[in-house]
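User: I'm new to reading protein models and would like a close look at one part of this one. Could you walk me through the salt bridges and what they join?

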Amino acid sequence: MSLSEVYEDTDIAIAELPDFTRDNVRSTINATSLDDAREIVERLRTAAETGQDQSGTGGSGDRPSSSPSPGPSSTRSPSPSPSPSRSAR
């Protein structure tokens, strides 16, 4: 059962992306909205053009200093992590 489908296709070839970003695309980058998805695509396009991972494409290879501080939506995290209080018990 598929829970997603292609909405728009881009002209970005996965082979053009830096290794780290390519791995993130293959493992899926989640978007919260169509606008969010389009912003991710623009960062992927920049990564393909420059050969550098871009903020928002996932992981420690991101370059947070290359983009302005995010707004209130910066509270989302790419994956859940255990609560620190649980590990302290």
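Analyst: Four salt bridges are found in this structure, which is a predicted model. Side chains of opposite charge can pair when their charged atoms come close.

Start with Glu 8 and Arg 38, whose side chains form a salt bridge with an N to O distance of 2.2 Å. Find the two on the sequence: Glu 8 sits in the segment before helix 1, while Arg 38 belongs to helix 2, so this pair connects distant parts of the chain, 30 residues apart.

Now move along to Arg 45 and Asp 11, another salt bridge, at 2.6 Å from N to O. Arg 45 is part of helix 2 and Asp 11 is in the segment before helix 1, so this bridge ties together parts that lie 34 residues apart in sequence. Arg 45 is partly exposed, with 24% relative accessibility. Asp 11 reaches 62% and counts as exposed.

Arg 45 has a further partner: its side chain also meets that of Glu 42 in a salt bridge, here at 3.5 Å from N to O. Both residues lie in helix 2, three residues apart, which means that about one helical turn separates them. Glu 42 is partly exposed, at 43% relative accessibility. Through shared partners, the salt bridges join Asp 11, Glu 42 and Arg 45 into one network.

To see where these pairs sit, step back to the whole chain. There are three helices and zero strands, and the order from the N terminus is α-α-α. Helix 2 covers residues 34–50, and it is among the parts that cover the buried residues of helix 1. Those buried residues in helix 1, which runs over residues 19–27, are Thr 21, Arg 22 and Asn 24. They span an arc of only 160° around the axis, so they lie on the same side of helix 1. On the face turned away from that buried side you will find the exposed residues Asp 19, Arg 26 and Ser 27. Just past the end of helix 1, Thr 28 has a positive phi of about 90°.

Note on methods
Residues numbered from 1 in each chain as written. Predicted model: local features only at pLDDT ≥ 70, side-chain atom pairs only at ≥ 80, totals over all residues. Heavy atoms only, no water. Helix = DSSP H or I, 4+ residues; strand = E, 2+ residues; numbered from the N terminus. Buried < 20%, exposed > 50% of the residue type's maximum accessible area, 1.4 Å probe, protein only. Arc of directions from axis to C-beta. Contact = heavy atoms within 4.5 Å.
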